[in-house]
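Visitor: Please show me the complex, and then take me through it by question and answer.

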Amino acid sequence: MSAPVNLSARRTGGGIDRRRLRRWAGRAGLYFAVLMLISPAILVFLWMLSLSLKNELDNTAFPPVFIPNPPTLQNFIDVFQKNDFLTYTINTVIVSFTATGFALLIGVPAGYGIAKAKATKAAVLILIARVTPGLSFLVPLFLLFQWLGLIGTLTPLVITHLVITVPIVVWVMIGFFEGLPGELEEAALVDGATIWQAFLHVAMPLARPGITVAMILSFIFSWNNFIFGVVLAGRTTRTLPVAVYNVLTFEQISWGPLAAAALVVTAPVLILTLLMQKEIVAGLTTGGVKGG
Amino acid sequence: MACQAHARSSGEVVLSASVSTGSTTIPAPPLAPRGRNYARRYWVFAAPAATVVAAVIVFPWVFTLYMSVQDWQITGGSSFAGLANYRHLFEDDRFLWAVVRTLYFTALSVIAPGILGVFAAVCFATKFVGRGIARTIFILPMMATPVAIALVWTMMFHPQLGVLNYLLTSMGLPPSQWVYSETTVIPTLVMVETWQWTPLVMLIVLGGLASLPVDPYEAARLDGANAWQMFRHITLPLVWPFIVVALVIRLIDALKAFDTIFVITGGGPGTASETINLLLYQTAFAFYNLGYASAMVVVFFVLILLISLLLLNVRQRQAFQ
């Protein structure tokens, strides 16, 4: 990677002291700016944590109580006892794993084919999926699933989540395979390998980092998806985001369990982001992948 | 680093550079170009994905076009309605207001994250202690489950018990009605949208900043340019294509915004935050007026398509640079 451009004050000339002062001021300004940029994120996530660990009395106190004292896990216990959150967690895991796995199975070869054939026009279709609001797929698919009698099972959810995962995988993999040098596969082809063998044994191993990126991103955006679940899920087939939304509508001012539920839903994604931030950043910069 | 020219971002450069190091040991055999037929064989690879895309993306589109000219009844019957749904749409005040609100929300949701995102990218392009962890924290909002963070914001917006009004009043500022007043609801939702999606703008622009050449800066520094002049006359023009891509993506996502608005306000108070997407949800899945909803989808899509064509155009031009 080429060196990032240093934009802080670096002007030559002037006295040594003035230069040092200017440099120091530039640094201080930079740290202040970064603090200002990240503090809204810190505020929201810490507040979510704080709400989830306090009892109801502290949560509705004014002025607000910031530090839970003593912290309680009662909210989390409530979430899992009062609602069928275990089922919803299993549903979400099934849906996002299946949709991601299937998307990798068909999306990785597709990305390879499109990159090799230099068929950038084919990427237009992927882009249309990126551009279309998730709701507009739902009207026809809802009728189709109703006609097929699939409403109330997990199948419609897995199928609609492909609308999110397949474009992400194909998009990331096109970019990745375009960046790979073609010489190795060409050598394999000259040695008599078929294009499938060249793909499976030469290109695929090289593309493993790209596959990881595609897998993480499509998993996260499938996990986070709300709109397909809210329309297609029945009572027992809710995914976690839908279940959390239902907690809101039934328990208006019960903030502790609400925050605990929100934390349960988003914690896996946040932990994954913290662990794999390099891969996620690499994937996201390739063209603004986002589901729904 | 030979692959840098092909890579579209800094991240890819890192990854592809690291995997390509092994390939340099094997000399590439001279190959005659094999022409179009050779490229065409690779279509096999895309066939399964193309089938799925046809089923879940193309089929809904064709069906939506068909539905939009039908008068669909909840009892199951449906009759040809011609362009009645479309005519109705352009006479429907609720829809027209939704369009206005969507454009208002979108304009603000592009400008605010655009400016902040470019600023953040410039900050994060500079090396400093703790940059890695700061950047990770900064991108957390866009990865977090939108429903979950929307819930937290809802609790923070509470006019009496919310933490935001406490923070405002403790700083000596007047409290706000946030999402509980018709005048402040859209700016408040824009604030959430900005909080959530500024990181994406930052990442795309940061990718651009990382690919900038160093030479112009050294020349400018020798000529005595200051930091602002260098930003204005070197960085901004060079990184502009990336900013345009980021803004167009932001534009599309803002037009499509649903989760946070749906959870925080549900389109309220009244219909003060009802965007096209929210109205579409109501029409299709609360009123089951599917023919009318389909017409709405088509008009909505045409609106977004005009913008996505712009995106494609930018992408193609970028490929030549």
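**Contact between the chains**

Guide: In this predicted model, 106 residues of chain A are in contact with 106 residues of chain B; two residues are in contact if their C-beta atoms, placed from the backbone, lie within 7 Å. Residues are numbered from 1 along each chain as its sequence is written, chains are lettered from A and ligands numbered from 1 in the order in which they are written. Local features need pLDDT of at least 70, side-chain atom pairs count only at pLDDT 80 or more, and totals for chains, interfaces and linings use all residues.

Visitor: Which helix gives the largest share of the side of chain A that touches chain B?

Guide: Helices (H or I, at least four residues) and strands (E, at least two) are DSSP runs, numbered from the N terminus. The largest share of that side is 14 residues, and these come from residues 16–53 of chain A, helix α1.

Visitor: How many residues of that side are nonpolar, polar and charged?

Guide: Ala, Val, Leu, Ile, Met, Phe, Trp, Tyr, Cys and Pro count as nonpolar, Asp, Glu, Lys and Arg as charged, and the others, Gly among them, as polar. By these classes, the side of chain A that touches chain B has 78 nonpolar, 20 polar and eight charged residues.

Visitor: Is α1(A) roughly parallel or roughly perpendicular to α7(B)?

Guide: Axes are lines fitted to C-alpha atoms, for helices over the stretch in contact, and angles run from 0 to 180 degrees between N-to-C directions. α1(A) packs against α7(B), residues 146–156, at about 80°, with the axes 10 Å apart. Angles under 35 degrees count as roughly parallel, over 145 as roughly antiparallel, 65 to 115 as roughly perpendicular and the rest as oblique. The pair is therefore roughly perpendicular.

Visitor: Which residues in α7(B) do V44(A), W47(A), M48(A) and L51(A) meet?

Guide: The residues of this helix contact divide into eight nonpolar, no polar and no charged. Those four residues in α1(A) meet I149(B), V152(B), M155(B) and M156(B).

Visitor: What does A262(A) touch?

Guide: A262(A) is one of the residues with the most contacts inside the largest nonpolar core, which has 176 residues. Such a core is a set of buried Ala, Val, Leu, Ile, Met, Phe, Trp, Tyr and Cys residues joined through C-beta atoms within 7 Å. Not counting residues up to four places away in sequence, A262(A) touches M48(A), V244(A), A148(B), L151(B) and V152(B).

Visitor: W178(B) has a positive phi; is W178(B) buried or exposed?

Guide: The phi of W178(B) is near 50°, and the residue lies in the loop between α8 and α9 of chain B. A residue is buried if 20 or more other C-beta atoms, placed from the backbone, lie within 10 Å of its own, exposed if 12 or fewer, and partly exposed in between. W178(B) has 24 other C-beta atoms within 10 Å, so it is buried.

Visitor: How does Y288(B) count?

Guide: Y288(B) also has a positive phi, about 50°, and is found in the loop between α13 and α14 of chain B. It has 13 C-beta neighbours inside 10 Å and therefore counts as partly exposed.

Visitor: Where in chain B does pLDDT stay under 50?

Guide: pLDDT is the predictor's confidence in each residue, from 0 to 100. The mean for chain B is 80, and 81% of its residues reach 70 or more. Where pLDDT is low, the predicted coordinates should not be read in detail. In chain B it stays under 50 over residues 1–36.
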